[in-house]
Amino acid sequence: MTNKSKKLTLFSLVLMIFTSVYGFANMHKAFFLMGYAAIPWYILGAVAFFIPYAFMMAEYGAAFKNEKGGIFSWMELSVGAKYAFIGTFMWYVSYVIWQVNVSSSIWVPLSNAIFGEDRTPVLNFLGLSNTQALAILGCLWIILVTYVSTKGLDKIKKITSVGGTAVALLNLVLIFGGLLVLILNHGKFSQPITNVVTAFTKSPNPNYQSFISTLSFFTFAIFAYGGIEVIGGLVDQTENPTVTFPKGVTISAIIISIGYSIGIFIMGAFINWQEVLSSPGINNANVAYIIMQNLGYILATSLGASNTVALEVGLWLARFVGLSMFLALTGAFFTLTYSPLKQLIEGTPKGLWPEKFTKLDKNGMPVFAMCVQAVLVIALILLFSFAGKNASEFFDKLIIMTNVAMTIPYMFLSAAFPFFKKKDSIKKPFKVYKSYKSAVFASIVVTFTVGFANVFSILEPGLTKGKWGDTALSAASPVIFAIIAIALYKRYEISKKKQSFTDAA
């Protein structure tokens, strides 16, 4: 196979970005939490964060198309190595925890695909509890994903393309299914819009009607757009990167931004919030399946099917949702198993990591580092699942810690952007921000937006639920991860000085 055949095309890149960023279930969760009132917050999130941030990523990517270190290289060449390492390390740690978390939860959509419902709560074998059984499955999953990923980017590309295609198809089912229901019901929405201002500003959910709870939703909207920087490590493996990468990022940003709003709006065609979503048994974990099952049921009855047939159609659509979301999560998993690690070890200075970590095999993959990462993730899965209640509670706290740490690198990247624009030594073949002032303005808007979302994410548990311990932990997490990163980098600097002294002697 030639090297060219392994390069990412525009279509493959868009699907990879779509898989890594676009969360199909985010729309269902948004409608569940806020109804139509979620749309203005998603639009604000797209305008104030995602689109300007995506354009920054496109400029970075085009300028550093030959750099293999992804976001580390971008920040290092724009600001400095220590700044870049702190941001990249915090970002990488959050994705390790993501793998630990999703390796167990990925079986929920698979269960829905097979059975039409989530049976993971009753899963048990060999006398293990359902949590422990899911942990064993998660460990096997990590081994499989790591093994396949070490075979090269072309394998990852194929899997993420399947995942991206499945989610794209699922969105078409949602949008065109909702439109068909609307046509068959003569333009009547199940969730009526009697007052436009009220419908798009006030949530039907009683838990999201106060000012504080409504503002907290903005954090959710911002997080729904996260992840596009993961693709930064693939610029050097994209066909004609100067043209293809910024074009792929731009196309993806527009599709994702519009897709979220349309998807949320069309749900009102076949979902009445009070009738379907007010049940206490409905939550963020199962709402996507319930909404899509209802779409199948309403669509079938609107076409004149009997109640029995309509229920069966709904069940099969729920299965299709489970399969599609499983494939999408699989695609994201393969990308996130490889890309964050690649950016952490390939861009960092030589000597910061052991030589084995940075060694690439014939497929261009850091196999040893990927295996070490797999061992770390498996160890954490087993620890949190088998070490009792205290370990489980610790894991819950760890997730809280990483929620903020995962978005801090967005601020690192956006804050570094003016420095990037000011450096004339960096060749910039693609420019969205033509002037330095426009770049500074975009940097301020994005950094402030993410900062605001993070501050409110930190304060929300304490303000709304009285959980000030979680608030303190969220606030401490960026500091803790930054201290670890600084300590690692300081160790490297000391080692480098000693080596220089030895060489001089």
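This report walks through some helices, a pocket and a few single residues of a predicted model.

Helix 14 covers residues 307-347, which makes 41 residues. At 1.5 Å a residue, helix 14 should span 60 Å. The C-alpha atoms at its ends are 59 Å apart, so the model agrees with that expectation.

Helix 14 also has a kink. The bend is about 25° and lies at Leu336. The proline Pro340 follows shortly after Leu336.

## The second largest pocket

Rolling a probe the size of a water molecule over the atoms shows where empty space is left. The second largest pocket has a volume of about 400 Å³. Its lining is made up of 18 residues. Nearest the centre of this pocket lie Phe89, Tyr92, Val93, Val96 and Leu376.

Which helices supply the lining? Helix 14 gives at least two residues, and so do helix 5 (81-105), helix 16 (367-386) and helix 20 (468-504). What classes of residue are found there? The lining of the second largest pocket has 17 nonpolar residues and one polar residue, but no charged ones.

## Helix 6 and its neighbours

Helix 6 runs over residues 107-115. Its buried residues are Trp107, Val108, Pro109, Ser111, Asn112 and Ala113. These buried residues pack against helix 5 and helix 14, and also against helix 7 (130-149) and helix 13 (287-302).

Just after helix 6 comes Gly116. The phi of Gly116 is positive, at about 80°.

## Asn26: a buried residue

Asn26 sits in helix 2, which spans residues 24-34. Is Asn26 buried or exposed? Its relative accessible area is 15%, so Asn26 is buried, as the cut-off is under 20%.

What does Asn26 touch, neighbours within four places in sequence left aside? Asn26 is in contact with Tyr42, Phe220, Ala224 and Tyr260.

Leu179 lies in helix 8. At 35% relative accessibility, Leu179 counts as partly exposed. Leu179 and Ile266 are 87 residues apart in sequence. In space, their C-alpha atoms are 7.1 Å apart.

His186 is found in the loop between helix 8 (153-184) and helix 9 (196-199). The phi of His186 is near 60°. That is a positive value in a residue other than glycine. Why does His186 count as exposed? Exposed means over 50% relative accessible area, and His186 has 75% relative accessibility, so His186 counts as exposed.

Conventions:
Residues are numbered from 1 along each chain as its sequence is written. This is a predicted model: local features need pLDDT of at least 70, side-chain atom pairs count only at pLDDT 80 or more; totals for chains, interfaces and linings use all residues. Side-chain values use heavy atoms; hydrogens and water are left out. Helices (H or I, at least four residues) and strands (E, at least two) are DSSP runs, numbered from the N terminus. The expected span of a helix is 1.5 Å times one less than its number of residues. The bend at a residue is the angle between axes fitted to the seven residues ending there and the seven starting there. On a 1 Å grid over the protein atoms alone, a cavity is a set of points where a 1.4 Å probe fits but cannot get out, and a pocket is an open set with protein on both sides within 12 Å along at least five of seven lines; lining residues have an atom within 4 Å of a point. Grid points are joined across faces, edges and corners, and a volume is the space filled by probe spheres set on the points. Ala, Val, Leu, Ile, Met, Phe, Trp, Tyr, Cys and Pro count as nonpolar, Asp, Glu, Lys and Arg as charged, and the others, Gly among them, as polar. Buried means under 20% relative accessible area, exposed over 50%, partly exposed in between (1.4 Å probe, protein chains only). Contact means heavy atoms within 4.5 Å.
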